[in-house]
Amino acid sequence: MYSICLARYRLDPDTKRKGLSHLPPLCMFTSEDSHYSMLKAAHWLGIGMDNVIRVKTNERGQMICSFLEQTIQTSLAEKKIPLFVNATAGTTVLGAFDPLDEIATVCEKYDLWMHVDACWGGSLIFSEKYSFVLKGINRANSVSWNPHKMLGAPLQCSILLIKEKGLLHQANATAATYLFQQDKFYDVSFDTGDKSVQCGRKVDAFKLWLMWKARGNLGFRHFVDNAVDCSRYFLSQISQRPGFRLVIPEFQCTNICFWFIPVSLRDKVEDETWWSTLSKVAPRIKEKLVLGGTLMIGYQPLQHRNLHNFFRLVTTCHPASSRQDMDYAIDQIELRGAEVDLEMQAEALSLA
């Protein structure tokens, strides 16, 4: 929301006083796998959810740049004003990283604000082994990052980085004279209240500063590398186990998405009825795991890809995962999966 506001102000500073009524419709672009907050931001800022263009992604969940440019050109032909491109560094479900360098080139061509939603995957910047997925992030106008996600900082710890100095203050300041006087005995640039939507708020940055002082770059690198390494170990193990099937062939972050197929559904015709039955498996396994107090693991469908309910295992830095944890998760899913299989077979027989 901050970044869209800045993009709008940079496009036309008069919007701060006049609103949007004097402009043609603004539009913004984000991948079809991106976070729902883009729609919410468009609603709150008066752009409208219908003017959020969802750009097609490839099988790994990455934005396809040729489609991005095509949708920009279509919007121009419709007399709309392309304003903002949101690139995602670590999508919520598949953990995909959009091709940042390619997107930056398109944004520069059409003079669009490029924002990178690195709230989830931005922590990979600390890793020498895995930070290559963030190549091109330096070309963005703004970046959002949530250390409370992968790094495990206490909620809430959210950070917005902006390239253009002074723009945040210009776009948001209303200069309340009872509060933001300039004749203070300290550096008034530390008065951040007039730069933000909220005048008073908790200091999110302090949590990160304290963690960083305690852990250092090497500590963060160790935690991030371990989180990714454990996810890769989990991936290698389920790739060899019967009953586990990957949703996509390759993963870029610590998200590993998969189906667990009970014995009674294996080697059967995978028609609509088969998939309908399989879609009930993950929710029932999850219920058993949670009620048994052994494991909490999420599941979801991806409707725009016509993918039925699947598991999404995600490793983070705190608490640090281990290979033993990964083995335990696999064993628990297999155990509860067998119980669900027996129950579903019994239910099918009773209905027959």
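A search of the whole structure finds 20 salt bridges, a salt bridge being a side-chain nitrogen of Lys or Arg within 4 Å of a carboxyl oxygen of Asp or Glu. This is a predicted model, in which local features need pLDDT of at least 70, side-chain atom pairs count only at pLDDT 80 or more, and totals for chains, interfaces and linings use all residues. Residues are numbered from 1 along each chain as its sequence is written, and side-chain values use heavy atoms, with hydrogens and water left out.

**Exercise 1.** Determine which parts of the chain are linked by the salt bridge of Glu108 and Arg139.

Solution. Step one: the closest N and O atoms of Glu108 and Arg139 are 3.0 Å apart. Step two: Glu108 belongs to helix α5 (residues 100-110), while Arg139 lies in the loop between β4 (113-117) and β5 (142-145), 31 residues apart. Helices (H or I, at least four residues) and strands (E, at least two) are DSSP runs, numbered from the N terminus.

**Exercise 2.** State how many residues apart in sequence the parts tied together by Lys129 and Asp229 are.

Solution. Step one: the two side chains form a salt bridge with an N to O distance of 3.1 Å. Step two: Lys129 is in the loop between β4 and β5 and Asp229 is in helix α7, so the pair ties together parts 100 residues apart in sequence. Step three: Lys129 has a relative accessible area of 45% and is therefore partly exposed, the class between buried (under 20%) and exposed (over 50%), with a 1.4 Å probe and protein chains only.

**Exercise 3.** Describe how helices α9 and α10 pack.

Solution. Step one: two packed helices are described by the angle between their axes and the distance between the axes. Step two: for α9 (residues 281-291) and α10 (residues 323-351), the angle is about 120° and the axes are 9 Å apart. Axes are lines fitted to C-alpha atoms, for helices over the stretch in contact, and angles run from 0 to 180 degrees between N-to-C directions. Step three: α9 and α10 are therefore oblique to each other; angles under 35 degrees count as roughly parallel, over 145 as roughly antiparallel, 65 to 115 as roughly perpendicular and the rest as oblique.
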